[in-house]
Amino acid sequence: MGQKRRIAILGSTGSIGSQTLDVVRQHPDLFQVELITANNSSELLISQAREFDVNSVVICNEAKYREVADALQPEGIKVFAGIDSVCDLVTGSNIDIVVASMVGFSGLAPTLAAVKAGKIIALANKETLVAAGSLVMGLAQKHNAPILPVDSEHSAIFQCLLGAQGNAPRLIHLTASGGPFRTWEKERIAAATKDMALKHPNWNMGAKITIDSATMMNKGFEVIEAKWLFNLEPDKINVVVHPESIIHSMVEFEDGAVIAQMGCPDMREPIQLALSFPARLPLNNRKLDFPKLGSLSFFDPDTDRFPALSLAFEAIRRGGNIPCALNAANEAAVAAFLNDRISFYDISRIVEECMDGTFFVAEPGLDDIFATNKDAFERAQRLIDKK
């Protein structure tokens, strides 16, 4: 790989950020962490900064700046506060790769700043492409900023397409675990609590993405991401439920041949590939044992029990700023569900109402995206307050 690759991790204290640091631990000769950021987790941020001897940290919650600064400045680590600092620092000449793993719409502005600076983007923040896919991909092309997917499903598609010899896919098959409620009746799902929804059968993820997996909105977001990452129309994207989470996604070609990417459910695999691409490095993880796998199963998704998936397909077909409204309303609704303010199916009902109430902009600019996000989020909050 040549020289060490210098990394910024946006959201280092979250699930993806923490696993990125584990990859770095396994290859300290190949990667150097220059910048880490967190929103509120100040103690973990301080610990990470010390362990990896980073150049700079940003604590986005400015109320926690003094705590972090007092702990790290004596060690020569530069400490900053606020999202504007993140946007500034990701453009620095000391950074080669930006791991965009902040949760929610807040990840858009720093990712755009890194794209405009021509950085390699290891993209784990779904909301960036969901809310502003056309803008992000247009700027990435303009500024020659490669976007490498970190989501296991999109990394799988990316890897399958590497072997396609330029042949266009007939379909891509995004696999979904089905979440914790895959086998539940609709009436039982309606009464589900947040503790039930947070028990994902296969993956260890942050709270928001775990709830999105339970509603299948996460898979809907991945459909929208796939459209932008691989320049595909929605009718070329198929979702298939695969409870074992061994096949991470598949690409089907005109002759009927299907290429699949397989592996144990471990996010460190796609993270490491994004950091080391095109090289593949050793990874201390569980490897597939095919005789022990038994059988692999596949099912059609049930959009009656999981209407969020249909809403995402509707949003991308309508286009414009509607996916941004979908994302903003979902962000507000999931937070309310996690705070025990609404029921499980209220999430999709609120999202649908906010999509229908959004003023349509066919070709949104950045100001339109921020305005739509604000309006849809506030509309969702009003609906939540009525519950």
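Me: What makes the space of about 40 Å³ the second largest cavity rather than a pocket?
Reply: In this predicted model, the second largest cavity holds about 40 Å³ of space. A cavity is a set of points where a 1.4 Å probe fits but cannot get out, whereas a pocket is an open set. The space is therefore called a cavity because the probe cannot leave it.

Me: Which residues line the second largest cavity, and which elements give two or more of them?
Reply: The lining consists of Leu-148, Pro-149, Ser-155, Phe-158, Leu-273, Ala-274 and Phe-277. Two or more residues come from each of strand E7 (147–149), helix H7 (152–162) and helix H12 (268–276).

Me: How is the lining of the second largest cavity divided by class?
Reply: It has 6 nonpolar residues, 1 polar residue and no charged residues.

Me: How many cavities of 30 Å³ or more does a search of the whole structure find, and what volume has the largest?
Reply: The search finds 2 cavities of 30 Å³ or more.

Me: What makes Arg-305 a charged member of the lining of the largest cavity?
Reply: Arg-305 is among the residues that line the largest cavity, and Arg counts as charged. By class, this lining has 7 nonpolar, 3 polar and 1 charged residues.

Me: Which element gives the most to the lining of the largest cavity?
Reply: H16 gives the most, with 4 residues.

Me: What is the volume of the second largest pocket, and which residues lie nearest its centre?
Reply: The pocket has a volume of about 380 Å³. Of its 25 lining residues, Gln-261, Glu-269, Arg-280, Leu-283 and Asn-285 lie nearest the centre. H7, strand E11 (258–262) and H12 each give two or more residues to the lining, and H12 gives the most, with 5 residues. By class, the lining divides into 11 nonpolar, 9 polar and 5 charged residues.

Me: How do you know that the span of helix H1 agrees with its number of residues?
Reply: At 1.5 Å a residue, the 12 residues of H1 (residues 15–26) should span 16 Å. The end C-alpha atoms of H1 are 17 Å apart, which agrees.

Key: Residues are numbered from 1 along each chain as its sequence is written. This is a predicted model: local features need pLDDT of at least 70, side-chain atom pairs count only at pLDDT 80 or more; totals for chains, interfaces and linings use all residues. Side-chain values use heavy atoms; hydrogens and water are left out. On a 1 Å grid over the protein atoms alone, a cavity is a set of points where a 1.4 Å probe fits but cannot get out, and a pocket is an open set with protein on both sides within 12 Å along at least five of seven lines; lining residues have an atom within 4 Å of a point. Grid points are joined across faces, edges and corners, and a volume is the space filled by probe spheres set on the points. The expected span of a helix is 1.5 Å times one less than its number of residues.
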